[in-house]
Amino acid sequence: MTGEPRIGDVFGELVRDALAVHTGVGPRPLAGGRLPRPVIEIIERDDGLINGAPAAPYLDGPQDWQPHDHRAVDRVRGATLDVGVGAGRIALVLQERGVPVTGLDISPGALQVCRRRGVRDLVRATVDEHAESGRRYDTFLLLGNNLGLIEGRERAPVFLAALAAMARPGAQVIAHGTDPYGTRDPVHTGYHELNRRRGRLGGQLRLRLRYRELGTPWFDYLVCSVDELAELVRGTAWRLADVDDRDAPYYLATLRLAG
């Protein structure tokens with residue numbers, strides 16, 4: 001016993017259990033050995049902050065989506081790569097609309113859940129790995145706050161270059177982000193200041209995910225302002241073409257292939 005979680009497929013396990021609770025099919029975590037236990041994703045920050053989020057929304061249909069999700073999906077055109085497909089909620093709707101969509105994820109469990117739910121085209125890989133495949137896309141989706149996958153100043157140019165390597169002429173990236181700087185909560189403002197002292201962007205989170213006995217390795221996940229995003233995009237193959245902040249502090253950023 002080390003007191004540390006076992007490294008494993010945290011996201012895959014939790015969406016598998018969430019699907020079992022939702023459908024009543026398959027083994028489910030039980031409270032007191034009888035009642036289904038809500039599936040909660042634990043998010044641990046490197047300063048000791050612990051948050052929990054229910055996993056059920058990963059399975060939500062369009063009737064339960066946030067308005068910005070609907071507006072994002074309405075902007076999709078052409079062959080689409082859903083980066084961080086999760087449990088497939090976006091990909092399923094695009095399929096129903098006749099959009100050729102590929103779901104990309106590194107979680108084998110999540111991809112298994114996607115297949116069970118009917119997502120047809122799935123790839124287990126990172127963005128960098130998939131860029132070597134030769135496949136090309138018109139739209140890249142980073143929804144569910146997945147703009148965070150650009151991680152920070154060091155990783156962003158590499159991540160965006162991988163997308164550009166898969167981009168057809170005129171391609172677009174539609175990304176959901178959150179401006180972290182509207183809060184007055186000292187737990188968060190203090191973390192922003194700590195990050196800046198360490199030479200990091202204020203909203204550059206160092207996280208690991210936990211579920212039951214499993215944990216992920218520590219990783220960076222970026223929550224940034226639009227101005228910070230514009231700075232990260234500058235000098236890459238992309239340009240920041242549009243920002244929809246009608247649901248502030250959430251926003252949809254549309255990047256277009258430059259030139």
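## Questions about a predicted model

Reader: Which residues does the domain annotation cover, and how far apart are the end C-alpha atoms of residues 81-170?

Author: According to the unreviewed UniProt entry, the annotation "domain: Methyltransferase" covers residues 81-170. Over these residues the chain is 36% helix and 23% strand, and the distance between the end C-alpha atoms is 15 Å.

Reader: With which residue does Arg16 form a salt bridge, and where do the two residues lie?

Author: Side chains of opposite charge can pair when their charged atoms come close. Arg16 and Glu13 both belong to helix 1 (residues 10-23), and because they are three residues apart there, about one helical turn separates them. Arg16 is partly exposed, at a relative accessible area of 30%, and Glu13 is also partly exposed, at 26%. The closest N and O atoms of the pair are 2.9 Å apart, and the partner of Arg16 in this salt bridge is Glu13.

Reader: Which parts of the chain does the salt bridge of Asp220 and Arg200 tie together, and are the two residues buried or exposed?

Author: The side chains of Asp220 and Arg200 meet in a salt bridge at 3.0 Å, N to O. Because Asp220 lies in strand 13 (residues 219-222) and Arg200 in the loop between helix 7 and strand 11 (204-211), the pair ties together parts that are 20 residues apart in sequence. With a limit of under 20% relative accessible area for a buried residue, Asp220 at 15% counts as buried, and Arg200 at 18% is also buried.

Reader: Where is Arg212, and what is its phi?

Author: Arg212 is found in the loop between strand 11 and strand 12 (214-215). This residue is exposed, with a relative accessible area of 56%. Although Arg212 is a residue other than glycine, its phi is positive, near 50°.

Reader: How many aromatic pairs does a search of the whole structure find, and which residues do ring pairs link into a cluster?

Author: The search finds three aromatic pairs. One of them joins Tyr137 and Phe140 edge-to-face, at 5.9 Å centre to centre with 65° between the planes, while Phe140 and Trp238 form another edge-to-face pair, at 6.1 Å and 85°. Since Phe140 lies in strand 9 and Trp238 in strand 14, this latter pair ties together parts that are 98 residues apart in sequence. The cluster linked by ring pairs consists of Tyr137, Phe140 and Trp238.

Notes:
Residues are numbered from 1 along each chain as its sequence is written. This is a predicted model: local features need pLDDT of at least 70, side-chain atom pairs count only at pLDDT 80 or more; totals for chains, interfaces and linings use all residues. Side-chain values use heavy atoms; hydrogens and water are left out. UniProt positions are given in the numbering used here, feature names are shortened, and annotations may be inferred rather than shown by experiment. Helices (H or I, at least four residues) and strands (E, at least two) are DSSP runs, numbered from the N terminus. A salt bridge is a side-chain nitrogen of Lys or Arg within 4 Å of a carboxyl oxygen of Asp or Glu. Buried means under 20% relative accessible area, exposed over 50%, partly exposed in between (1.4 Å probe, protein chains only). Rings of Phe, Tyr and Trp (its six-membered ring) pair if their centres lie within 6.5 Å; planes under 30 degrees apart count as stacked, over 60 as edge-to-face and the rest as tilted.
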